[in-house]
Amino acid sequence: MTDYRSILHTVAENPGSTADEIEAISEGEDAQMLLQEATSNDDVVCVNDRYWIVRKGEFGYHEYDHPES
């Protein structure tokens, strides 16, 4: 797994984490640079200095857990 994909997985597994928290969890990657890249690629969103994965592609939902209306 590339460093970029690894940081995406880290954000997906730890929604709402700060950059410092993600850096502490990540495996030695340059988390700050990778988070900036992911944000500019629209794979991650940052709100109030906290990061969330954008649910698309690999991280998108195949099914939603709510009934159709």
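Biologist: Leaving aside its neighbours within four places in sequence, which residues is Leu35 in contact with?

Modeller: This is a predicted model. In it, Leu35 is in contact with Ile7, Val11, Ala19, Ile22 and Tyr51, sequence neighbours within four places aside.

Biologist: What makes up the largest nonpolar core?

Modeller: It has 14 residues, and Val11, Leu35, Val44 and Tyr51 have the most contacts inside it. Helices H1 (3-13), H2 and H3 and strand E2 (50-53) each supply at least two residues. H1 gives the most, with five.

Biologist: Why is Ser26 called buried?

Modeller: Its relative accessible area is 9%. Buried means under 20%, so the label holds. Ser26 sits in the loop between helix H2 (19-25) and helix H3 (31-40).

Biologist: How do you know that Ser26 is in contact with Ile7 and Ala31?

Modeller: Contact means heavy atoms within 4.5 Å. Ser26 meets that with Ile7 and Ala31, leaving aside neighbours within four places in sequence.

Biologist: What lies 3.1 Å from a polar atom of the Ser26 side chain?

Modeller: The backbone oxygen of Glu23. The cut-off for a polar contact is 3.5 Å, and 3.1 Å falls within that distance.

Biologist: Why is Val45 called partly exposed?

Modeller: Its relative accessible area is 37%. Val45 belongs to strand E1 (residues 44-47).

Biologist: Which residues make the nonpolar surface patch of about 230 Å²?

Modeller: Val45, Val47 and Trp52. Patch residues need over 30% relative accessible area.

Key: Residues are numbered from 1 along each chain as its sequence is written. This is a predicted model: local features need pLDDT of at least 70, side-chain atom pairs count only at pLDDT 80 or more; totals for chains, interfaces and linings use all residues. Side-chain values use heavy atoms; hydrogens and water are left out. Helices (H or I, at least four residues) and strands (E, at least two) are DSSP runs, numbered from the N terminus. Buried means under 20% relative accessible area, exposed over 50%, partly exposed in between (1.4 Å probe, protein chains only). A polar contact is a pair of N or O atoms within 3.5 Å; within protein, one must be able to donate a hydrogen and the other to accept it, and residues adjacent in sequence count only if both atoms are side-chain atoms. A nonpolar core is a set of buried Ala, Val, Leu, Ile, Met, Phe, Trp, Tyr and Cys residues joined through side-chain atoms within 4.5 Å. Patches are made of residues with over 30% relative accessible area and no salt bridge: like charges are joined within 9 Å, nonpolar side chains (Val, Leu, Ile, Met, Phe, Trp, Tyr) within 5 Å. Accessible areas come from the Shrake-Rupley method with a 1.4 Å probe; for residues, only the protein chains shown count as cover. A salt bridge is a side-chain nitrogen of Lys or Arg within 4 Å of a carboxyl oxygen of Asp or Glu.
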